[in-house]
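Please look over the fold, the cores and the backbone of the structure shown here before reading the notes that follow. They begin with the order of elements and end with individual residues.

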Amino acid sequence: MKTVAVIGASSDRSKFGNKALRAFRTQGYKVIPINPTETEVEGEKAYVSVLDYDGPIDEATFYVNPRVGEKVLDDVAAKQIGTVWLNPGADGANVVARAKALGLNAIRACSIIAIGDSPSRY
């Protein structure tokens with residue numbers, strides 16, 4: 001089972017950070033919500049940073065504005081999360097450049113669709 005960090009996970013079910021968490025879980029992933037203002041999302045313990053989670057994380061999917069995303073990438077690299085999904089709206093040029101500079105596999109696409117699901121289901 002792969003583990004994915006949902007950067008910008010939200011308790012608001014209308015937000016993509018929530019839809020992504022539910023979609024990844026439905027597709028069999030272990031989900032780790034990352035949001036400094038949430039304590040729990042969809043029954044999962046939320047973490048301030050990927051560095052606060054003890055176990056390994058295979059992928060991260062970004063649902064935050066590019067200014068936030070650019071700052072979070074250093075933690076993602078330090079955690080050795082090799083693949084990052086930069087979803088529409090989170091895929092600013094500076095974020096993409098920073099991810100590449102850190103040696104991350106940055107994928108500019110909707111991660112929900114990429115895993116074979118649809119945001120409209122949620």
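**Briefing on the fold and its cores**

Read from one end of the sequence to the other, the protein chain follows the pattern β-α-β-β-β-β-α-β-α-β-α, with 4 helices and 7 strands in the chain. The model is a predicted one, and the values below are computed from it.

**Overall dimensions and surface**

- The radius of gyration of the protein chain is 13 Å, which agrees with the value near 14 Å that a compact globule of 122 residues would have.
- Taken along the principal axes, the box filled by the C-alpha atoms is roughly 35 × 30 × 25 Å.
- Of the 122 residues in the protein chain, 50% count as buried, while the accessible surface comes to about 6000 Å², with 48% of that surface belonging to carbon and sulfur atoms.
- Among contacts with a separation of 6 or more, 61% are accounted for by residues 24 or more positions apart.
- The protein chain carries 15 positive and 14 negative side chains, and the centres of these two sets lie 4 Å apart.

**Nonpolar cores**

- In soluble globular proteins, nonpolar side chains tend to be buried together.
- The largest nonpolar core in this model has 23 residues, and those with the most contacts inside it are Ile7, Val50, Phe62, Val76 and Val84.
- Two or more residues of this core come from each of strand 1 (3-7), strand 2 (30-34), strand 5 (59-62), helix 2 (66-78), strand 6 (83-86) and helix 3 (93-101).
- Apart from this core lies another, of 16 residues, which includes Val6, Val31, Ile115 and Tyr122.
- When neighbours within four places in sequence are left aside, Val76 is in contact with Val50, Phe62, Ile81, Val84 and Leu104.

**Residues with positive phi**

- Glu42, although it is not a glycine, has a positive phi of about 50 degrees, and this residue lies in the loop between strand 3 (40-41) and strand 4 (44-45).
- Because its relative accessibility is 25%, Glu42 counts as partly exposed.
- Gln80 is another residue other than glycine with a positive phi, here near 65 degrees, and its place is in the loop between helix 2 and strand 6.
- Gln80 has a relative accessible area of 71%, over the 50% cut-off, and therefore counts as exposed.

Notes
Residues numbered from 1 in each chain as written. Predicted model: local features only at pLDDT ≥ 70, side-chain atom pairs only at ≥ 80, totals over all residues. Heavy atoms only, no water. Core = buried A, V, L, I, M, F, W, Y, C linked by side-chain atoms within 4.5 Å. Buried < 20%, exposed > 50% of the residue type's maximum accessible area, 1.4 Å probe, protein only. Contact = heavy atoms within 4.5 Å. Rg over C-alpha atoms; globule rule 2.2 N^0.38 Å. Areas by Shrake-Rupley, 256 points an atom, 1.4 Å probe, with all protein chains shown as cover. Lys, Arg positive; Asp, Glu negative; His and termini not counted. Charge placed at Lys NZ, Arg CZ, Asp CG, Glu CD.
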